[in-house]
Amino acid sequence: MSRAAVVCGLGGALPATAVTNEELAAQLDTSDQWIRTRTGIGLRYVVAPGESTSDLAVAAGERALESARRTGNDNDTEADVDLVVLATSTPDRPCPGTAPGVAHRLGLGTVPAFDVAAVCTGFVYALATAASMITAGVARRALVIGADTFSTILDPVDRTTRAIFGDGAGAVVLRAGESSEPGALLGFDLGSDGGGADLITVRAGGSRQRSTGEPPAEGDQYFAMEGRPVFTEAVINMSESSQRLLDRVGWTPADLDKVVAHQANVRILHAVGEQLGLEEKQIVVNLDRVGNTVAASIPLALSDAAAAGDLVPGHRVVLTGFGGGLTWGSAALVWPDIEPVTQP
Ligand code: ACO
């Protein structure tokens, strides 16, 4: 038995506006049939004018704290939260980080708060960061949020990205506990390959472009992705990362009840399942209802699966993500008895 970070609260938030495939097809050269068969996505949500990543992060954070309160298996309250880590690649502003403002709006006082930018792997990286700070004794109770508003950086005429991405936020509360408890994070596998940095990128807006003193080239202010190589890399890296973690934790794929992988494309999820030798029932899918919500993807999938009763206490779970950077990462835990809060 050793000190560990234990998941004790889970929340999610989506913006109010849903966009159907049919609505996209009315604006772009695409169809419900193409989007469903090539990605599995049926619906995504987008922020309203003036709404930002921190608005969604605050809503998800509040709900995760409410979930921890309802779970009530420890004596701490949100007043005891002493760390906020926010995974996002669409911060409210390029500077400063978005997390301090989120902590402030949540009434968490002067706790340390910072952003982690690892695109779609951001939530797993943030989870590993917060868990390491808890096991090192630097923090006792952490709010870890994944929030993104990719609708704000997509090219309005790019059918390949607009069909896929949606906005959202998901959050967990971690507390200090023991590795033998349900909810304890049992291990991580993290990696990156900067050789693939150009495959998922916003070319303009950073120091590389700004130092030229020239305005961005046409279209460079938007998010760009090379779908095919990203697809291949996502399958390889989520499968291999999950397998390395399973080996480390001492589980086999057959021991797993659920894999909660980054929700990018249902064909990617099935290919990862095939690589690991999993059955379909072991793979959580919610991208049909929310699309690819980037750093929010894994906690929103957890919330949906737990709320639907597909994820139950005692389940052996692997979380695995892949995204820009390139980055990838996985985490393992036994699912705790918690009640997710996704609506106010
Ligand atoms: N509607 C209709 N046609 C489309 C659409 C659309 N929405 N999107 C692309 N097409 C077209 C293309 O233009 C192309 O047409 P062409 O042959 O005339 O050039 C054709 O469909 C095939 O394009 P592909 O890119 O080969 O299509 P593919 O089946 O690979 O699907 C997709 C594209 C969905 C982007 C897929 O490659 C994918 O899911 N990639 C991985 C995305 C991912 O995992 N992202 C995770 C990380 S993202 C992050 O970190 C932020």
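**Figure 1. Surroundings of Asn292 in the predicted model.** Not counting residues up to four places away in sequence, Asn292 touches Ile41, Cys120, Ile164, Phe165, Gly166, His262, Gln263 and Ala264; contact means heavy atoms within 4.5 Å. Asn292 is found in the loop between α10 (287-290) and α11. Helices (H or I, at least four residues) and strands (E, at least two) are DSSP runs, numbered from the N terminus. With 4% relative accessibility, Asn292 counts as buried (under 20% relative accessible area; exposed is over 50%, partly exposed in between; 1.4 Å probe, protein chains only). This is a predicted model, in which local features need pLDDT of at least 70 and side-chain atom pairs count only at pLDDT 80 or more, while totals for chains, interfaces and linings use all residues. Residues are numbered from 1 along each chain as its sequence is written, and side-chain values use heavy atoms, with hydrogens and water left out.

**Figure 2. His262 and the annotated positions.** An unreviewed UniProt entry places the feature "active site" at Cys120, His262 and Asn292; such annotations may be inferred rather than shown by experiment, and the positions follow the numbering used here, with feature names shortened. These residues are spread over 173 residues of sequence but cluster in space, with a largest C-alpha distance of 8.7 Å. His262 lies in the loop between β11 and α9 (266-276) and is buried, at 2% relative accessibility. The side chains of His262 and Asn292 make a polar contact (3.3 Å), that is, a pair of N or O atoms within 3.5 Å; within protein, one must be able to donate a hydrogen and the other to accept it, and residues adjacent in sequence count only if both atoms are side-chain atoms.

**Figure 3. The five-stranded sheet.** This open sheet has the order β1-β7-β6-β4-β5, with mixed pairing; two strands pair if DSSP finds at least two bridges between them. β1 (3-13) and β5 (113-116) stand at the edges with a single partner strand each, so one side of each has no neighbour in the sheet. Strand β4 (residues 83-87) pairs with β5 in the parallel sense over four bridges, and Leu86 stands opposite Asp115 in β5.

**Figure 4. The four-stranded sheet.** The strands of this open sheet follow the order β8-β13-β12-β11, and their pairing is mixed. β8 (185-192) and β11 (258-261) are the edge strands, each pairing on one side only. Seven bridges join β8 and strand β13 (residues 327-334) in the antiparallel sense; Asp189 stands opposite Ser330 in β13.
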